[in-house]
Amino acid sequence: MAAHSTAEPQGMTNSMLGFILFLASEIMFFGGLFAAYFIARADAPAWPPALSPEQIAEGVHLEIEILLPAISTGILVISSITIQWAVWQIQKGNQSGMLWGLFISLALGLIFLAAQLFDYTQLHFLADDTIYGTTFYTLTGFHGAHVAGGALFIGVVTVRALGGQFTAENHEAVEACSMYWHFVDVVWIALFIVLYIIK
Amino acid sequence: MATVEVPQLSGYHRPAVLDWITTVDHKKLGILYLYFTLFFFAVGGVLALLVRTQLAVADNSFVGNDLYNQIFTMHASAMLFLFIIPVWAGFGNYLVPLQIGAADMAFPRINALSFWMLPPAGILMFAGFIVDGGAADGGWTAYSPLAQQTGVGMDMWIIAVIVLGMSSTIGAANFLVTMFRMRAPGMTMFRMPIFCWTMLVTALLQLLATPVLAAALVMLFIDRNYGGQFFDPNGGGNVVLWQNVFWFYSHPAVYIMILPGMGIISEILPVFSRKPLFGYKAFVFATIGIGGLGFSVWAHHMFTTGSVLLPFFGFMTFMIGVPTGVKIFNWLGTLWGGSITFPTPMLFAIGFVSMFLIGGINGTFSAAVPVDFALHDTYFVVAHIHYVLFGGSVFAVFGGIYYWFPKIWGRKLNERLGKLHFALMFVGFNVAFFPMHMLGLDGMPRRIAVYAEGAGWEALNMLSTGGAFLIAVSMIPFIIAVVWAFMRPMDQPDDPWEANTLEWATSSPPPEYNFDSLPPVRSERPLFDARQGSGEGH
């Protein structure tokens, strides 16, 4: 029997399956952080927790504004749509459509990051101001780091797209990139709901 | 013929060192994993001897309290994170592609990355001993506030464990893709060797549990370095939160540490009983069951915190004993009526079954909530973990080494030395760890550096220390056997044990590309079929 199993079976490629498994591990990482947040919040007698007189004297207060993050949420959701649009375009073999989709997604991602950094400067608490500050900066910070990683991913894919590396048949990196971006987007929507909306 | 000459494309020969450093061959990486992990087994073993020396007599001042805390913490950290968990990745790397008839892992370069993350992490963790404040000393479980109070060695420990976790996470994804996608023609999922199945479930646990540990460690790092309040009640945090996220990883992790060992002895027992494994599918489903239930029992480490639902976690812990019991019956059913022979791998496999049974029973015993309240944090728990992880995993590691040594290195380890090794280790193990049950029932707490004269613990502690040194002595025949084997030529045939699985269908050691040709796979024992069917056995 001439048997070598180097030929991949039909369907999803090895790389795509490996990438999906990687995403599963990422979901578990954020799952751990979210679980910590829920436990901390369930245990707290009041949310946001009470501040010490010293913290109040220093001008710490735990309110967060919802307007800018709501706009950021919209931006990120739109970028999810544009990157999906890029995938659909390259599936049809439309190089320039894909490029536009990637460019716009990258730009929106960077705007989101800038907005988040600006939002940090508007807050009157830090990571060491009660469990509220700690969880807020940990969750949004790790999400922001993933947005930055995702933007880098889109950047690499964009450079490869400019080099004409993707075709209607061969564009796995674009699909993987869009999956990662959707993941980052979904995590943000969950974060927005638990941090900003649920009082 | 044992060796295969691989033709070189050019006249250039890479130096051997460069070849090993740059290799992406799953077999070479597997061997690197084995060398690395056995090195840290030795390091962890020396630390264990220091612990036992300190505890040998009452009121001992061999090492001080602070150093003692570092030593037992680093003993456990080395054994768990740098030995047992990666040693299975070593066996898995070498064996899984061969057993499923593949040429390599799905992602050879990511495979190399997984390995090469280990040495920096190991060095970082142990470099704690030379920095101010010493190595991590909060115990391998790093409970807050213990883990908040120590020096920079703890931060190095945290980073090292995160890196080790990343290594095992990406390694897990690699194993899963390899087993899902790279199987030889005819090798259906239910014809995969049991070792592959246990690696598959282990990989799933690693993929889904290790990132949660990373999250926990990140939180601890933030608490220690950036004023975080996760585990600090002063700022609204919660010390039990650490225990929840930590054990959500670390309980599945105990199955990560034992399942591949069960797989190894499930390869050995049928071969030396001359029978197929009794209840192959039951074994597979029991493995999956352990993997699933493994996520629902973490809080049995936390009964005494008063913040977990005792009946639920007690019940689930009893439940997980059921699939484990199924496996004991698989192994006994395999032995039953077999033509049993007792070469060294078989001795270690039978040692595993008997010792792991004790570890399972004393574990289920402590799962009863009232019993746990009495035994929590005593030496009874130390006895339990060593019966499952030493009596279980370490016996399986050595069983696997004796069993696959002819395949990996083309030479057989000396049988007499192997039997001496097993006898010394088996006796030493029981002398070292059985008295800990009694010490625990007598109320000796774990992690204490000094106990007072007259507590009634002196005799048993001295006995236990003697056992520990006997285990150390048992390594001498093993080392002699290995050195002796390496001094001799490679003389092993493809299949010296008359085994069942595909790794024995190629030369010993296998060529870089693994197989010239594969026998047809029509059951989970393709080599048995080939020997019996066409009569052209190797």
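Between chain B and chain A the rule finds 0 salt bridges (a side-chain nitrogen of Lys or Arg within 4 Å of a carboxyl oxygen of Asp or Glu). This is a predicted model: local features need pLDDT of at least 70, side-chain atom pairs count only at pLDDT 80 or more, and totals for chains, interfaces and linings use all residues. Residues are numbered from 1 along each chain as its sequence is written, chains are lettered from A and ligands numbered from 1 in the order in which they are written, and side-chain values use heavy atoms, with hydrogens and water left out.

**The interface.** The count of residue pairs in polar contact between chain B and chain A is 6, both residues at pLDDT 80 or more. A polar contact is a pair of N or O atoms within 3.5 Å; within protein, one must be able to donate a hydrogen and the other to accept it, and residues adjacent in sequence count only if both atoms are side-chain atoms. On the side of chain B that touches chain A, helices H6 (152-181), H7 (194-225) and H8 (239-273) of chain B each supply at least two residues. Helices are DSSP runs (H or I, at least four residues), numbered from the N terminus. H7(B) gives the largest share, 10 residues. That side divides into 29 nonpolar, 11 polar and 3 charged residues. Ala, Val, Leu, Ile, Met, Phe, Trp, Tyr, Cys and Pro count as nonpolar, Asp, Glu, Lys and Arg as charged, and the others, Gly among them, as polar.

**Aromatic pairs.** Over all chains the count comes to 79 aromatic pairs. Rings of Phe, Tyr and Trp (its six-membered ring) pair if their centres lie within 6.5 Å; planes under 30 degrees apart count as stacked, over 60 as edge-to-face and the rest as tilted. Two of the pairs are tabulated.

| Pair | Centres | Planes | Class |
|---|---|---|---|
| Phe112(A) and Trp188(A) | 5.0 Å | 80 degrees | edge-to-face |
| Phe365(B) and Phe380(B) | 5.7 Å | 50 degrees | tilted |

Phe112(A) lies in helix H4 (residues 95-122) of chain A and Trp188(A) in helix H6 (residues 172-197) of chain A, so the pair ties together parts 76 residues apart in sequence. Both Phe112(A) and Trp188(A) are buried (under 20% relative accessible area; exposed is over 50%, partly exposed in between; 1.4 Å probe, protein chains only). Phe365(B), at 43% relative accessibility, is partly exposed. Phe380(B) is buried, at 4%.
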